[in-house]
Every structure is written in structure tokens, then in C-alpha cells.
Amino acid sequence: MKFTLSWLKEHLETEATLDEIVEAMTMAGLEVEDVEDPAARLAAFSTAKVISAEKHPDADKLKICTVETVDGMKQIVCGAPNARAGMIGIYAPLGAYIPGLDFSLDKKPRKIRGIESYGMLCSTKELEAGEDHDGIADLKDEWPVGTPAAEALGMADPVIDFEVTPNRPDWLGIEGIARDLAAAGLGKLKDRAPRTVSGAFPCPVKVAIRDTDFCPAFGLRLVRGVKNGPSPDWLQARLKAIGLRPINALVDITNFITYDRGRPLHVFDAAKVKGDLVIRRALEGETLKALDEREYALDEEVGVIADDAGVESLAGVMGGEETGCTDETTDVLIESALWDPIAIAKIGRKLGIMSDAQYRFARGVDTHFMKAGLELATEMVIELCGGEPSEVEIAGEIPAPPEAIRFNLSEPGRLTGLTLGEKREMEILTDLGCTIDGMGEETIVQPPTWRRDLTQDADLVEEIARIHGYDKLDATPLPRLEGNREPVLSEGAERARRARRALAADGWSEAVTWSFCRADQAALFDGEDAPRVANPISSELDTMRPTPLVHLILGLQKNADRGQGGVWLAEIGPAWKGAKPEDQMSIAAGALRADAARHWEGAQTPDIFTVKAAALTALQAAGAPVDNLQTDRDVAGWWHPGRSGAMKLGNRTLAVFGEIHPHVLNTLDIEGRVLAFECYLDQLPPVKKKDSKSKGALNKSDLNPLTRDFAFLVDAETPAEQVARAAKGADKKLISDARIFDLYEGKGVPEGQKSLAIEVTIQPRDATLSDKEIDKVSDAVVAAVKKATGAELRG
């Protein structure tokens, strides 16, 4: 929502500066996004008078001008063909930044063909104040030398742009903004209530409402004998300042009132309307070419305004091109209607239209300004275009005002700590448009028709605190609780937090991506049953994601396209395999490209064991018993069948790791190979509660450990970790670790078998081990591995 400072002052009598107004808006809850102040942007420029303009001795198209400026007489070399003695132009001093050319003048005089130039005379295009670049600005009025350029060019009016929250449709009119600022003490709200315009004859066009679900009330009036054409300069300037294109006087009046009072209107060329008007649902197969020059296919979900010839307008959204007003219009029908907000929101969403009218009606307009808006439009049409008005035709019933609220004037103090006093509280509510009856505990507050968001006493307390100023609330710390405080995070949230920190410490970059994805993307990851979103924010996000890897993989490609191919992306978040509550999962996932990557340990080439290690890191941090996990190849179809694996605890899958299937990558248009992992945090066994919060005794030995290497011949399909696990379990007291360090298949190894070499770490506890005791441990290792896998010690 945009408005100019001068426009605001049409409704607000105030001496406040621009900065004070912006500050007051922010404190009152109006989120200011931008302030464009042409006066500040053009502060360096001012008016100047050309005293003489002589031809340059060494250039046919250049002139040497003597210019009277705010800095005294200056010699300026100018190439504009219209430079002449006596003209008033715009002077740019040395060092000034020229916005239309995006460069700054030198701070020292510059020689142009041997003649020094002390500044510049500017065109309107160079100042971004117009499109004229054929010559320098030639001001018609006799502006005094040194007048700020913004004032002389009519650009001294700042434009304020702010965000409107959905519950405050009254802020979509400048009068509503002025009302809040006046209540906040920034000035006085001007009374600009429209006057009643008497009709000279009955309105010849009647209105019938067939569907009150769309339209509770509809107002119409004919003004005949108008003379349409361009609107006056002041009206065009108002609309241009906020980014609207002037069209003609009749249309510009409706656009002006839309922003001035938050009251959308529509005008029909009466000569093009056939018969009476009816508000109804569209019929299947009907179409309308709207004012945006697009043709829309309609059905019974769309409300329309129709005449005997068919559909003429989309209800509360946009008019039709056929009955639009042009410069030839002599008789105009002015429409001021009430439309159901939900119905209008659905129509706009269905047809993909976001017009100024739809935006306001979808949020709800002031119901009791319907007829007043019609009177205001009539008054402006007669003033600017002439004509004779008919009586007002009203169909339907205007909704009743909001329900009154029983309010205790002590509530603001109880809920906020503010002690304003009943008089000040009542003053604030009155300034906001409420009417008040009674005092103290028996106060009855009647909200105005433009504030239907006020439904309970807490809403009134909020309004009082907002207008008085949230910055005036006393800062009171929360009381310190006695005793020990238990952790506030649930077990699942704590596990996710620990996994997130562990992955970050391991060099992974956390990503936070959408919980939605496209349906065809979900299908690649077995997401055919993932819930569909009934009202997606985008067609690209219409399905709940079956895995965070969808966006992580796409994110890798986006980074690679921008020259960042070595990122490691991880995310801990929800995923869905169905629509039931139990179908939602919490997953820790990560993905990286299988080429050389940059990492905190240095350049390295990732492989399947990189992502397996990351999965183990996340699981261990989350409290999983990683020493008891078993690995197999039971993975989903979107993993590479020969380069992936699952880590299980019994029959429960805790994680999957490996390479993504090439078919999935090709479908997603991903270049190269991608390695990834998923940890299913919901599948982890519950954490066992300790009997004591104290840590156990430190189990360290002051004796040096020793290692022994073993090479076993095992079946080629035997998992390596099965051998390592069996070896480690051979003597749980003395063996502290067992790891695979070599795999060999080839000459000397029988076909169908492989050679696995493991290093077993033996940690003495009470005394140094003798050779006999070490041999005993070694024999136990060989026996345990043979029993578990059928392996034979390789000679």
C-alpha cells in the first residue's frame, strides 16, 4: 500500500515531519517498508538562470553558458540545443551524483574542448523526473534562483510504502491510516464525510441479487450527460505517485476513492448495458473478456454481474471490457457493492486475478460506507465531468454493525501493566471510531463498521496498548523459578538438536528447505501416497515431501550452477509417507556431489563411506547404539542398488546411505553423481533413563594398548562389519576395538571369496599381558570370527 505525504495530509491535520510520521506508523503497527523522498534524492540540485549562451569556439554543438546559481555566477559548457539566455533550468554543482546517468561529476572543473565547465545543466530524464532528454529542463514559471529542484519539478512529495496485515482492511484507505495516526497523537483527523447528492430522476437500471452468498447489498446510480476525458493534473499526479496509470476521468475517480477511502467502485458505460443488472453465479461455459484484456472461462463457482446480453463483470474482482468507460462515454452507471470476502478470495484465486478491488473485498470493506462511497463518487463525477445524477438504487440489505463488547476498563492495566486511567482509555477507543456507553466494569464498546476484527475485550486492550505505544510498556523480567529445572525439549527435539550440532561440527552446512515439493518429484522417492496440499502456495509445492533429500539434491545443483559444487548440505526436518499422523517422520538427511569437495580436513574425494560416517555421526549424537548396528542392502528403489546400504537394529532400519539412482538424478536434471544419507530419528530406541545424574567412573588404563593383525578368507557376500563385530566381541574385557583395514580379491584368493584384514586393539587393564595371554586372545578372535562367518585364517 502506497500513499504520498500530501495525500495523507488531506485527511490528517498535522505539523509532524516525515520522519515523525514514519516513526508513529511503525509504533502503531503499520510496517513501513520503504520511503521514497525525491526532495532528499535531489537535494544537491537547484534552479538556475541562464544569463548568456554563446557558441563554443571549437565545437558547433556546444555552448558556453553564464549561469546564475545558488553558488554564484558559474561558467557551464552545455550541449543542449535549447540552451538560451533567460531560461530557468536545473543546476548540478561539481561533485553531484546524476541519478539518471548513474555517475558523479568531478569535484574539480572539467575542461570541455579547452573551456572549463563548473557544473552541469540537467534534463528531466537525467534527474529521473521525466522522459525528456532532447534538451535541458526548461521551467516555465519564474522560479527564484536556488529553489530546490524537487519543488520546482513538482517532486517534493514523499511516497510511503507499507505492509498491510490481513486483519486491517481499513488501512487500505488513506483515511484509515490518518485515523490511527490521529489517535496516536500525531494530529487531528479531518471530517471529510461525503455529502448527499440529490437525484433528479429514478435510476432506469434496476438490480436483482439472486445469490446473497456473493453479494449482500448492491448500490447503483446513473449520471447522464457526462463529458469524459483525461482527469485533471492533480488527480493524475496522485495516481502516478503511487504507481497507477491514469486512464480517463471516470476510471481515475474510482481508483482514487479505492485508495483514498478503501472503497472499491466500478463504472459501466450505461449505453453498453443491455437491460437491468443481475448478480448471480456464472453458467458453465460462459466467458468474459475483462479490463486486463484477458478472456476468462467461468463456471458456477464464480459470481458475476450480468445484463440481458450476458456477463458484464466479475463480482468484486474486475469489470468487463465490453462495458468499460471510454472518452466517448456520456452516461455512466456507478456501482458500489458489498461482496462476501471468502467468495471474492476464491474467485481471485481460481482465476489468478489480484486486482485492487479483489485485494480489498477479500479482506472486507467498511459495510456502512457503501452508499457514502457512491455519494462521494457521484460528487466527483459531477465536479470533474459534469452531468445529472439519478436517485440511488439499492438492492439487498447492508449487514448489521459488529456486536458490542462488554468491556471492563481495568483490563488494560491487568493485562499490560499500563496505568492510563479510564479517561485516556476511552479517548483512545473513541478516536479509533468506537462508541462507548457506561463506565468502569459496565462499559459497553461498539466497534465501528470498518473494524470487524474487534470481537472481544482482549482486542480492545490490544488497541489501547498499540495506540499508547508498546515502547511505553514496562520491561519486567520473568521471576526466577526455584529448584532444578527439567529440560523443556522433548526427547525427539533433543535428538534432532544433537544430530544437527554433530553434523555441523563434521563440516556439513545446514539447509532449511520447503516441507512441500512437486508431485512428480515426490513420486521419484516413493512419495505416491504423500499428502497433497489442497491450497498450495505454488504449483511447484503441491505435495508434502517424502524426504528432505528432494530439495537437498536440487540445492546441490543450484549451488553447482553458481560455481559452488563442493557444498555438503544437511537438514533435520519432517517428511511424510502418508496422510495419517503416524505417517509423519523426523529425518536427518544429507547430500553431496561425488567429486572433489572442499572440507575442513582439506580436499578429499567423497565416497560411500563418507556418507556412512556422517549417518553414524548423526545416529551416535542422537543416542543410537551404533555398535550394535548391522548393515545390509535392503534399500528403496531410488538408491543405487550396488552402491548403497541400510543400517539396522534388529529388523528396524535406522539409516540408509549410498549413491542416488542415476534415473532419479536424470529426471531431476542433476549433473554427475550424488551421495546421500538418511537417519530415521523416530525409529531410534528410547533413551534409557539413568538411575543417577552423575557420570560413571572413568574407565581408562595407564597401560599401553597393543595391536594384532588378522587376515581372513570369507565368502564374497559376507559383510565386512560382521567380521569386525565378531572379532571385537571375542573378549569384551580386553579387546577395545576392531577395524577393517584391507580388502583383497584376486590372485591367491579362491573364486567367490575375499580376503579381509582387520586390526584388533588389545587394551591391558590390570597388568602387562604375557605372550601366552596375548596368544589366548588371538585364538579367541579367530574362533569367534570363524563361528560367526565361517571364515578361515589366511596363511
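Strand β5 (residues 63-69) is joined to β6 by seven bridges, and the two run antiparallel. Lys63 faces Cys78 of β6 across this pairing. The model described here is predicted.

β5 and β6 belong to an open sheet of five strands. The order is β6-β5-β4-β7-β12, with antiparallel pairing. Strands β6 (72-78) and β12 (120-121) are at the edges, and each pairs on one side only.

## A three-stranded sheet

Another open sheet has three strands, in the order β1-β13-β3. Its pairing is antiparallel. The edges are β1 (2-4) and β3 (31-36). Each of these has a single partner strand, so one side of each has no neighbour in the sheet. On average, neighbouring strands here are turned by 25 degrees against each other, direction ignored.

Now look at one pairing inside this sheet. Strand β13 (residues 159-163) is joined to β1 by three bridges. The two strands run antiparallel. Phe3 has Ile160 in β13 as its bridge partner.

Strand β36 (residues 639-649) takes part in two hairpins. One is with β35 (residues 630-632), and three bridges join this antiparallel pair. Six residues lie between β35 and β36. Thr631 stands opposite Met647 of β36.

The other hairpin is with β37 (residues 652-660). Here seven bridges hold an antiparallel pairing. Ala646 has Val656 in β37 as its bridge partner. Two residues separate β36 from β37. Gly650, in that turn, has a positive phi of about 70 degrees.

## Helix α7 against helix α10

Two packed helices are described by the angle between their axes and the distance between the axes. What are these values for α7 and α10? Helix α7 (residues 249-261) packs on helix α10 (residues 370-385) at an angle of about 140 degrees. Their axes are 10 Å apart. The two helices are therefore oblique to each other. The crossing is right-handed.

Which residues meet? From α7 come Ala249, Leu250, Ile253, Phe256, Ile257 and Arg261. From α10 come Leu376, Ala377, Met380, Val381, Leu384 and Cys385. By class, this contact has eleven nonpolar, no polar and one charged residues.

## Helix α6 against helix α7

Helix α7 also packs with α6. The angle is about 50 degrees, and the axes are 10 Å apart. That makes α6 oblique to α7. The crossing of α6 and α7 is left-handed.

On the α6 side, the contact uses Trp234, Leu235, Arg238 and Leu239. On the α7 side, Asp252, Ile253, Asn255 and Phe256 take part. By class, there are five nonpolar, one polar and two charged residues in this contact.

A pair of aromatic rings is described by the distance of the centres and the angle of the planes. The structure holds ten aromatic pairs. One of them is Trp234 with Phe256. Their ring centres are 5.7 Å apart and their planes stand at 90 degrees, so the pair is edge-to-face.

Where do the two residues lie? Trp234 is in helix α6 (residues 233-241), and Phe256 is in helix α7. The pair therefore ties together parts that are 22 residues apart in sequence. Phe256 is also among the α7 residues that meet α10.

Definitions and conventions: Residues numbered from 1 in each chain as written. Predicted model: local features only at pLDDT ≥ 70, side-chain atom pairs only at ≥ 80, totals over all residues. Heavy atoms only, no water. Axes fitted to C-alpha atoms, helices over the stretch in contact; angles between N-to-C directions. Helix = DSSP H or I, 4+ residues; strand = E, 2+ residues; numbered from the N terminus. Parallel < 35°, antiparallel > 145°, perpendicular 65-115°, else oblique. Left-handed = near helix turned anticlockwise from the far one by under 90°. Contact = heavy atoms within 4.5 Å. Nonpolar A, V, L, I, M, F, W, Y, C, P; charged D, E, K, R; others polar. Pairing = 2+ DSSP bridges. Phe/Tyr/Trp six-rings, centres within 6.5 Å; stacked < 30°, edge-to-face > 60°.
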